[in-house]
Amino acid sequence: MKIAVLGAGHVGPVLARLALAAGHTVTIAGSGDPSRIAMITEFLAPGAVPMSASDAVADADLVVLAIPQHRFPALEPGMFAGKVVVDAMNHWPPAAAPLGTSEEVAARLVGAHVVKALNHIAYQDMEPAGGRAAGVAGDSPGAVRLVAEFLRDIGFDPVPVGPLAAGRHLEPGSPLFGVAAGRPDFENLSTLVKEQS
Ligand SMILES: NC(=O)c1ccc[n+]([C@@H]2O[C@H](COP(=O)([O-])OP(=O)(O)OC[C@H]3O[C@@H](n4cnc5c(N)ncnc54)[C@H](OP(=O)(O)O)[C@@H]3O)[C@@H](O)[C@H]2O)c1
């Protein structure tokens, strides 16, 4: 697949490396001119192609949002129409927000298929993925399937947790946040969280 990673900070380059290692074509974008991330890309994710966010998204089969949530409004929503978008973001610092980040993302990116994943795993625990459970929440079964396939490719064990609104259970404040565990532990915790909500 062609994967566009938006964000070249802590999370973006790790996901870019994992995707490249799995044989995907990867583009990566920061907030500015691609030349600004050329060196860091060459160093941290050699093989990924630095691009502007709009160019990266235009050609992508899968887009990963690995940017701070408060920077999300800077992205032009129209360019995501029809795209499968992985929201790896969190309200950070943790905030008592009425909606999960992915519900906010889906409300703004009309026409995109938003799936929440990878936000609950610290970047240091992403590589190697080592078969760790990765919670996946989404309203579009096709998009959830595609993201699950991608997660499997890069070494995680995708665990569906429900619709997009259930993605809140993966966010800061939930016992699932920060969990880097195998499927049995993750599923036990997930059941507990659902019972308590
Ligand atoms: N850190 C973790 O362990 C972790 C784990 C899971 C999920 N997350 C979530 O993942 C997201 C990224 O976290 P991080 O720690 O990687 O953040 P970070 O180190 O601060 O990096 C943020 C990156 O996003 C880029 N960016 C900002 N606005 C952008 C835009 N409009 N278009 C494209 N790129 C843009 C920044 O580029 P510029 O330098 O050009 O501004 C920077 O490369 C956050 O929402 C966080 O909650 C973090």
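Tutor: Strand S5 (residues 84-87) and strand S6 (residues 113-117) pair in the parallel sense, with 4 bridges. Strands (E, at least two residues) and helices (H or I, at least four) are DSSP runs numbered from the N terminus, and two strands pair if DSSP finds at least two bridges between them. Within this pairing, Asp-87 has Lys-116 of S6 as its bridge partner. The model is predicted: local features need pLDDT of at least 70, side-chain atom pairs count only at pLDDT 80 or more, and totals for chains, interfaces and linings use all residues. Residues are numbered from 1 along each chain as its sequence is written.

Student: What is the order of the strands in the open sheet?

Tutor: The 8 strands run S3-S2-S1-S4-S5-S6-S7-S8, with mixed pairing. Strand S3 (49-50) and strand S8 (157-162) are the edge strands, each pairing on one side only.

Student: Is Arg-132 buried or exposed?

Tutor: A residue is buried if 20 or more other C-beta atoms, placed from the backbone, lie within 10 Å of its own, exposed if 12 or fewer, and partly exposed in between. Arg-132 is buried because 21 other C-beta atoms lie within 10 Å. Arg-132 sits in the loop between S6 and strand S7 (133-138).

Student: Which residue is 54 residues apart from Arg-132 in sequence and 8.9 Å apart in space?

Tutor: That residue is Phe-186, with the distance taken C-alpha to C-alpha.
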